[in-house]
Amino acid sequence: MGDKGFVGTRGRVVAAGAVALLLAGCGGGGGGGDSKAAALDKGQVASVLPDAKAVPGWRNYMKPEAQKPVPDYPPTVCVARTKEQRDTACTPVTSWGVSAFVRKADATTLNFWTLAYKDEKAADAAYDVLIKWYGGDRVGRNAEKVEIGSPGAEREANRAAVGTMAGPATIAQIRVGTTVLGISTGTTGRAVVPDKEAKAFAAMFAERAQQAQNGEKPSAALPSS
């Protein structure tokens, strides 16, 4: 897929913005549980997505961009097995977006996506559906759990030695209030994104979602190396 491919699930690819498809802390606000669960508009969803300032050391090749779902065409990062599941997880999405990065030194890609819902109940139901797709060994055969701490209200992360880019890959999913967040990494090389780094991505992203739901401008970022 080259250095611009989103890490997918067993051969499935995702990009965004100009056409998006998919397919893995630092700030202190990424702990378990949601202090507020406000619905986010399109602009707020875009602000949640990490930009170049939030992810130092990585080249941002897909800038944060959010959009409203188009009828009959669910967000490309919303993947479910059945129509019923799609109706639960994808149809209720109010806005969604992605941003993506690459680290030239080891040909690793890093992708973030956000799905926003009208309330916490809808996001909770969507999380349960989506984790059936993005959880477990969907990142690749013999996937293992990744320890990412306790960002958001619900979370899961897994790593496989061989993902769709032929090297190590991870996928993490987190629910923060009215949002479901996704993070993926992949590489054509052999370097594994370590648990510590995956945990930092998750905490930073979850905090940005919480900041937006608190009515603040998201500012959480990874520390400069």
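The dialogue below explains how to read several features of this predicted model.

Student: Where do Asp-87 and Lys-83 lie in the chain?

Tutor: Helices (H or I, at least four residues) and strands (E, at least two) are DSSP runs, numbered from the N terminus. Asp-87 and Lys-83 both belong to helix α2 (residues 83–89), where a spacing of 4 residues separates them by about one helical turn.

Student: Are these two residues buried, partly exposed or exposed?

Tutor: Buried means under 20% relative accessible area, exposed over 50%, and partly exposed in between (1.4 Å probe, protein chains only). Asp-87 is partly exposed at 37%, and Lys-83 is exposed at 55%.

Student: Which salt bridge does Arg-103 form?

Tutor: The partner of Arg-103 is Glu-197, with the closest N and O atoms 2.8 Å apart. This pair links distant parts of the chain, 94 residues apart: Arg-103 is in strand β4 (residues 95–103) and Glu-197 in helix α4 (residues 195–213). Arg-103 is buried, at 18% relative accessible area.

Student: Which parts of the chain does the salt bridge of Arg-175 and Glu-120 tie together?

Tutor: The side chains of Arg-175 and Glu-120 meet at 3.2 Å, N to O. Arg-175 lies in strand β8 (residues 169–176) and Glu-120 in helix α3 (residues 120–134), so the pair ties together parts 55 residues apart in sequence. Arg-175 is buried at 6% relative accessibility, while Glu-120 is partly exposed at 31%. Through shared partners, salt bridges join Glu-120, Asp-124, Glu-154 and Arg-175 into one network.

Student: How many residues of helix α4 are buried?

Tutor: Of the 19 residues in α4, 15 are buried, and the helix is mostly covered. Just after α4, Gly-215 takes a positive phi of about 85°.

Student: What is a disulfide, and which cysteines form one here?

Tutor: A disulfide is a covalent bond between the sulfur atoms of two cysteines. The rule used to find one is a pair of cysteine sulfur atoms within 2.5 Å. A search of the whole structure finds 1 disulfide, which joins Cys-78 to Cys-90 with an S to S distance of 2.0 Å. The link of Cys-78 and Cys-90 is left-handed, with -95° about the S-S bond. Cys-78 lies in the loop between β3 (59–67) and α2, and Cys-90 in the loop between α2 and β4, so the pair ties together parts 12 residues apart in sequence. Both Cys-78 and Cys-90 are buried.

Notes
Residues numbered from 1 in each chain as written. Predicted model: local features only at pLDDT ≥ 70, side-chain atom pairs only at ≥ 80, totals over all residues. Heavy atoms only, no water. Salt bridge = Lys/Arg side-chain N within 4 Å of Asp/Glu carboxyl O.
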